[in-house]
Amino acid sequence: MRICCLAIVAVVLSSCGLVEIGGNGGGKHEVWTGPGQGPGGTGGSGGKEKSVCYITGFDYPDGYDWKADPESGSVKCSLVVFADMVPVMKVPVGESYETGSDPDMHRIIGGHLYTDWSTGSETVIKKDGRLLFRYPGREMICGMLVDGDDVHTIGLDRGGAGFTYRKNGEVLLERKSGYLFEHLRIDSAGISFAFCEPVGSGASVQGRYYNVLGGVVSQVAVRDDVKAVHDIICRDGEVSYIASLVGINEPVVVSGGQMSTLDLPPGAKMPACRFVGSGDEVLYVEGIFTMEGMPVTGGLWRGGSIFRLFDPGYTASSLCTWDDGICCVLSSAAADMPGLIFRFGEIYPMPDGYAMMGSSPIASVNGILYVGLSSLSGMRPAVWKDGSVEALDINGYISSIYVDGVTHPMKGCATSLGLR
């Protein structure tokens, strides 16, 4: 389906009318809140609960060229949070505020804004612009979960290798080498994530794979025929993984004691793939494959079978799921191939003059697909909603879109994937 006309409806979302609530450390740490819907809001008729669509974006002074950003680090900038297209919070950005302009340094959890910042010697975690805790060491936070009053983080050492898993800043697990897989999750079986740790030296280095569930570390994929594990995920206590095995050309999915190969086109090779969870039961696989005479192309698999192969040269740049459906934005390395939006099996062209920026600016909320679009010419950003487009009145770009109750992949982690 092609969109012949995309009417951009201006929405008044400026900071006018916002109320100062103060901050930590005096006037230079002001945080502003507005009249929008707060955490855990409901909507619709009859009091039926609906999910809230949270959008984050960076706002610069009117007239400032935010794309070139000639005064980076000194120009006034705010991190703005919208709930259902209405502004609810504005947090100042900069070193003196210990809040960064990197889209990987904030996330929305339970309707609250959590940010991380690295000083010269510490890592700082804030909630809604206020200090939660800080601890020694400079870490890039790539995964965060909130369980009651506890904040769980996974951080990568900004000056070295490995990772540290913490609760409220206290170390629970640490590794000095290796890499993480991107599924930090919490469910009925506890908090889980997975990692690979190298063993051996020189040409004999091999990876050993582990899953962490409720603080217990268990080795995964203990088989002599494993060449590499592409991804690991744990759901309700059951560990699944995708691996390349000796003697089998296609990657295999191992789950619940069952093993199935991924159905690939004849002559195709799959250099990278990962799990994409949807609903309680469905588990998709996203992968990229190569074939002679064809550019790198992406696709989706379900139950080992092909769910959708994208047009040659297109790969998924960001994905989201809703019940048993899946949506994504498709991009290509070729300049003459514009971006596409894949919505529950239908393909839409990316509106002219826009592209996706930020860490994960896509979410399906109450059955509606939201895609955050940023202007290629430095104009106002816009939100694509099932084919219509609404502008956000900020001078900057959209960095992320969240829906409550959905666990997003970890940001900025050094994983074994080549998909991003």
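What follows is a short walk through a few local features of this structure.

The model is a predicted one, so local features are reported where pLDDT is at least 70 and side-chain atom pairs count only at pLDDT 80 or more, while totals for chains, interfaces and linings use all residues. Residues are numbered from 1 along each chain as its sequence is written, and side-chain values use heavy atoms, with hydrogens and water left out.

Let us begin with the sheet whose strand order is 28-29-30-31: this is an open sheet of four strands with antiparallel pairing. Strands here are DSSP runs of E with at least two residues, numbered from the N terminus, and two of them pair if DSSP finds at least two bridges between them. The edges belong to strand 28 (314–322) and strand 31 (346–349); each has a single partner strand, so one side of each is left without a neighbour in the sheet. From one strand to the next, the twist averages 20°, with axes taken as lines fitted to C-alpha atoms and angles running from 0 to 180 degrees between N-to-C directions. If you look at the pairing of strand 30 (residues 340–343) with strand 31, you will find four bridges joining these antiparallel strands. Arg343 has Glu346 of strand 31 as its bridge partner.

Now for the charged side chains. Side chains of opposite charge can pair when their charged atoms come close. The structure holds 15 salt bridges, a salt bridge being a side-chain nitrogen of Lys or Arg within 4 Å of a carboxyl oxygen of Asp or Glu. One of them joins Lys90 and Asp59, at 3.7 Å from N to O. This pair links distant parts of the chain, with Lys90 in strand 6 (residues 86–92) and Asp59 in strand 4 (residues 53–59), 31 residues apart. Both Lys90 and Asp59 are buried, where buried means under 20% relative accessible area, exposed over 50%, and partly exposed in between (1.4 Å probe, protein chains only).

Another salt bridge connects Asp62 with Arg380, whose closest N and O atoms are 3.1 Å apart. Asp62 sits in the loop between strand 4 and strand 5 (78–83), and Arg380 in the loop between strand 34 (368–375) and strand 35 (382–385), so the pair ties together parts that are 318 residues apart in sequence. Asp62 is exposed because its relative accessible area is 65%, while Arg380, at 30%, is partly exposed. Arg380 also meets Asp393 in a salt bridge of 3.1 Å, N to O. Here the two residues are 13 apart, Asp393 lying in the loop between strand 36 (388–392) and strand 37 (396–403). Asp393 counts as partly exposed because its relative accessibility is 32%.

Asp128, which is not a glycine, has a positive phi near 55°. Asp128 lies in the loop between strand 9 (122–127) and strand 10 (130–136), and at 15% relative accessibility this residue counts as buried. Asn168, also not a glycine, has a positive phi of about 55°. Its loop runs between strand 13 (163–167) and strand 14 (170–175), and Asn168 is partly exposed because its relative accessibility is 29%.

Finally, the cysteines. With a disulfide taken as a pair of cysteine sulfur atoms within 2.5 Å, the count comes to zero. For Cys327, the nearest cysteine sulfur is that of Cys320, 4.7 Å away. Cys327 is buried, with a relative accessible area of 1%, and Cys196 is buried at 4%.
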